[in-house]
Amino acid sequence: MSALSSPSTLLQFKPTIVVGSGLAGLSAASQLICHHVPVIMLDRAPKPGGNSMKASSGINGAPTRFQPVDNDQEFFGDTVKSAGTPFTSSVSAERLRRERLIETLTQSSPSAVYWLTDEKGVDLSKVTQLGGHSHPRTHRGAGKRPPGNSIITALLDSLNGNPLFELRTNSKVTKILREADEVMGVEYTGENDKTTTLHGPVVFATGGFAGDSHGLLSQYRPDLSGLPSTNDAREGSQPLLEQIGGALIDMDQVQVHPTGFVDQKDPSAAVKFLAAEALRGEGGILLLGEGRRFVNELDTREHVTNAVMGSATQLDGPMRQWDVSLLLDEGTVSALASHVEFYVWKGLMHKTTASELSSEAFRTLQDYADGVAGRKDDTFGRKAFGNWTLTDVKPDSVVYTGKVTPVTHFTMGGAIFDEYSRVLDKNGTAIQGLWAAGEVTGGLHGQNRLGGSSLLECVVFGRIAGDRAAAFYKKHYQIP
Ligand code: FAD
Ligand code: SIN
């Protein structure tokens, strides 16, 4: 029997090391295992899944059998447009790299969706349109579970129990080990503060730093201090890559999501539940305090956030928050029943009737309904209305409302990497034995990431990292 056919013995030998158990890390690990290469996955948290577990709107794919009218060129165009100045002002090698990253992301999007649906059994049959997209292309399941939860659970289920795979939680990587040109492993602190050294090629998938409010966020974007966040509070790990020569890019490009829920029971909470963009995608609108609409809700997050901060009243209190309401009709709610059920149960939204709204809000509602019904153009140029069905507003028309405010949500900056998921140094040279994927990387999204493109980048570049690390392992590490 060859060594490869007796995998239970393999973890005695050098493994590949995947740091981070979010979607990027799990995608890389799945590919490594598929190539029969042993994996030790390290995560500092007590439970796996990272911020990926919370993802609520879905993953982009263009085209797929769930959304056949779309195409990857339009997705490429939307992504370039959203990336803005960091993309358009880049030149020569950097411009080419950014272009190739976006090409790889968009061209691989159908296969990323099919990998999850057909190989991992995840339901992604519902498609919605998020801000900045020219078509509906964000896929989620038809059932109750949010997409992040169902994707992460499926990948973990497929890995757990495999003798080639071992997950070590409560294991915080504190150092990447580099000798000469090559990364040789990591050092991590486990339970009881014990430091352990592991040798092997490394896939780094430690996520972003939007939750690192007192560390990297305040270093690169001090102006965002005081904003609440959707992210778990944890320090960013990008400096570990920098310490071994990895270069960072776009670190000041931080996405502020326009709609985090303000819980009236704890309005100053620093970590907020996200009001998923799909709520706007399926028809929902945003109103200022007195009931006026002020923006095309399906413009990019950057644009909608700027509109909130420029038009809404800033609230008093320890956090920087604005007075804005999200309003949904019953059609929108029916498309996202389990989301809304959860928000109502949490007290983040409530059901009411149009008669309970201010007279200004009532008029706004009818104006929007006229646009949806085609009786006029939408006042803010909105073209897609999702599942909104309320076209004749009456005092007893049922609506759902909740208070929302901008929240730090995603960091576009991170390690410079290429379309092979290799981490590059400041000269653009790939560091041997090291790959990175997911939110820890930078440069792909420029100044604004489109909704649904983070889960996608995790799958696309996580799988590439896994494939590349497997080939490297087979070439450089002897399996006895
Ligand atoms: P993560 O999932 O954050 O995983 C990183 C892991 O690395 C964590 O478990 C962390 O504990 C671990 N780690 C960090 N540092 C270390 C260290 N030094 N040592 C060991 N372990 C470490 N994107 C979409 O595309 N669609 C959506 O619908 C969507 N919804 C979202 C909803 C919410 C509420 C949030 C917060 C984000 C959402 N996003 C969405 C964004 C997306 O979920 C994340 O950007 C993406 O999942 C990041 O995945 P990742 O694998 O790179 O990192
Ligand atoms: C959301 O549901 O609004 C988040 C989607 C994303 O961040 O891609």
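Which of the 40 residues around ligand 1 come nearest? They are Asp43, Ser52, Ser57, Glu439 and Ser454, where a residue is near a molecule or strand if one of its heavy atoms lies within 4 Å of it. The legends below describe a predicted model, in which local features need pLDDT of at least 70, side-chain atom pairs count only at pLDDT 80 or more, and totals for chains, interfaces and linings use all residues. Residues are numbered from 1 along each chain as its sequence is written, chains are lettered from A and ligands numbered from 1 in the order in which they are written, and side-chain values use heavy atoms, with hydrogens and water left out.

**Figure 1. The protein chain as a whole.** The secondary structure comes to 14 helices and 20 strands; helices (H or I, at least four residues) and strands (E, at least two) are DSSP runs, numbered from the N terminus. The radius of gyration of the protein chain is 23 Å, close to the 23 Å that the globule rule gives for 480 residues, so the chain is as compact as a globular protein of that length. This radius is taken over C-alpha atoms, and the globule rule is 2.2 Å times the number of residues to the power 0.38. Along the principal axes, the C-alpha atoms fill a box of roughly 75 × 50 × 45 Å.

Figure 2. A backbone N or O atom of Arg44 lies 3.0 Å from a nitrogen atom of ligand 1. The protein covers 98% of the 1,000 Å² of accessible area that ligand 1 has on its own, by the Shrake-Rupley method with a 1.4 Å probe (for residues, only the protein chains shown count as cover). Two or more shell residues come from each of helix H1 (23-34), strand S7 (172-179), strand S16 (398-411) and helix H14 (453-476). H14 gives the largest share, four residues. The shell divides into 12 nonpolar, 21 polar and seven charged residues; Ala, Val, Leu, Ile, Met, Phe, Trp, Tyr, Cys and Pro count as nonpolar, Asp, Glu, Lys and Arg as charged, and the others, Gly among them, as polar.

**Figure 3. The surroundings of ligand 2.** The residues around ligand 2 include Ser56, Ser57, Leu274, Glu277, His409 and Gly451. An oxygen atom of ligand 2 is 2.7 Å from a side-chain N or O atom of His257. For the side chain of Arg301 the corresponding distance is 2.9 Å, and for that of Arg449 it is 2.7 Å. The protein covers 92% of the 260 Å² of accessible area that ligand 2 has on its own. Two nonpolar, six polar and three charged residues form the shell.

**Figure 4. A three-stranded open sheet.** The strand order is S11-S17-S20, with mixed pairing; two strands pair if DSSP finds at least two bridges between them. Strands S11 (248-249) and S20 (441-442) are the edge strands, each pairing on one side only. S17 (residues 414-416) and S20 pair in the parallel sense over two bridges, and Ala415 has Thr441 in S20 as its bridge partner.

How values were computed:
A polar contact is a pair of N or O atoms within 3.5 Å; within protein, one must be able to donate a hydrogen and the other to accept it, and residues adjacent in sequence count only if both atoms are side-chain atoms.
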